[in-house]
Amino acid sequence: MADWLFTDEALQQATAAPVARHRAARLAGAVVHDATCSIGTELAALRSTAEFVLGSDLDEVRLAMARHNVPDVPLCRADALRPVSRDAVVVLDPARRSGGRRRFDPRAYTPPLDELLEVYRQRSVVVKCAPGIDFDAVRQLGFVGEIEVTSAGGSVREACLWPAALTEHGVRRRACVLDRGEVLTDVEPDDCGSGPAGRWIVDPDGAIVRAGLVRHYAARHGLWQLDPDIAYLSGDRLPPGVRGFEVLEELPLREKVLRQALSRRDCGALEILVRGVDVDPDALRRRLRPTGGTPLSLVITRIGAGAGERTVVYLCQSGIATARVG
Ligand SMILES: C[S@@+](CC[C@H](N)C(=O)[O-])C[C@H]1O[C@@H](n2cnc3c(N)ncnc32)[C@H](O)[C@@H]1O
């Protein structure tokens, strides 16, 4: 891609290559029309998997760049709201206004998401959306397929809407952790218990949390929840390739106690993870001022509810499980 043409804005909007390749792999053998193709990032991945691929966009300049970037792909200028293909799976990546309102607004997409879903109601359409999309609101727009949340490079990249025809029977939510090739869906069992911390605490990948598949992930790997409403998991063994937090001691959220414990263990770099408790990790780290040489972590969370609710701090060292060979 060294000789690709792009603009700053087009590059910022472009799908990350591993995510584009993942989508293209799911569309292997299909006839695909990327109707918001921009400079051609997704087309570049699709042309090696799809049976036939076509691109279009409303923006002449981006199309000209796409013609240079993917010269072997047929392209045309077209409004995605006025379909120009038939019988192809349509891939859409509407642009999103950055910042602004926190509430999900389908009209913050260009073209608007509600109009796209309406126009392509009878078609197989795959729509890339922001990871923070409101799942219920999308369903209220009439969407009945699968929502796949994908992470890559350690962060959640997108939520993608897949038509029911292109997913396994009954799957409504999927998490795909591209960094370690792990895929999880809501048709898997989700029977996991909750209880006190074992040897390890696991902070599940953001895609799993966002897809609402924390319990499914726990069940798959023999983990349990620290609290039924909190996404931290625990177990005596780490899932392969996963970074976890080995519990050294359990402490109350009292800064004097924490400072003493960190100093006893010669803590230097301090990572602080927080869920379910109103603590600003950066401010707490500044106040604790660890000055030693050992990297440690604090996992701060709420356990229990109502009268039994308490805040717990786990002092941990992080580690990673390596896959077993043979
Ligand atoms: C987020 S970008 C797509 C990025 C692309 N998937 C990639 O990976 O490079 C959105 C694109 O939608 C195009 N667009 C906006 N409104 C459109 C419309 N009504 N019809 C077709 N394309 C449109 C924009 O010109 C822009 O290129």
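Predicted model: local features only at pLDDT ≥ 70, side-chain atom pairs only at ≥ 80, totals over all residues.
Residues are numbered from 1 along each chain as its sequence is written, and side-chain values use heavy atoms, with hydrogens and water left out.

**Salt bridges**

The structure holds 27 salt bridges.

| Pair | Distance (N to O) |
|---|---|
| Arg 62 and Glu 9 | 3.2 Å |
| Arg 26 and Glu 148 | 3.3 Å |
| Arg 265 and Glu 249 | 3.0 Å |

Helices (H or I, at least four residues) and strands (E, at least two) are DSSP runs, numbered from the N terminus. Arg 62 and Glu 9 meet in a salt bridge. Arg 62 sits in helix H4 (residues 60-69) and Glu 9 in helix H1 (residues 8-13), so the pair ties together parts 53 residues apart in sequence. Arg 62 is buried, at 11% relative accessibility. Buried means under 20% relative accessible area, exposed over 50%, and partly exposed in between (1.4 Å probe, protein chains only).

Arg 26 and Glu 148 also meet in a salt bridge. This pair links distant parts of the chain: helix H2 (residues 17-26) holds Arg 26, strand S8 (residues 146-152) holds Glu 148, and they are 122 residues apart. Arg 26 is partly exposed at 23%. Glu 148 is buried at 1%.

Arg 265 pairs with Glu 249. Arg 265 lies in the loop between H9 and S16 and Glu 249 in strand S15, so parts 16 residues apart in sequence are tied together. Arg 265 counts as partly exposed, at 32% relative accessibility.

**The sheet**

Seven strands form an open sheet in the order S13-S14-S12-S15-S18-S17-S16, with mixed pairing. Two strands pair if DSSP finds at least two bridges between them. The edges are S13 (224-225) and S16 (267-275), each pairing on one side only. S16 runs parallel to S17 (residues 294-303), joined by seven bridges. Glu 271 stands opposite Ser 297 in S17.

Helix H8 (residues 214-221) packs on the sheet, touching S12 (200-202), S13 and S14 (233-235). Contact means heavy atoms within 4.5 Å. The direction of H8 makes about 5° with that of S14. Axes are lines fitted to C-alpha atoms, for helices over the stretch in contact, and angles run from 0 to 180 degrees between N-to-C directions. Helix H9 (residues 255-264) lies across S15 (243-251), S16, S17 and S18 (310-320), at about 120° to S15.

Key:
Salt bridge = Lys/Arg side-chain N within 4 Å of Asp/Glu carboxyl O.
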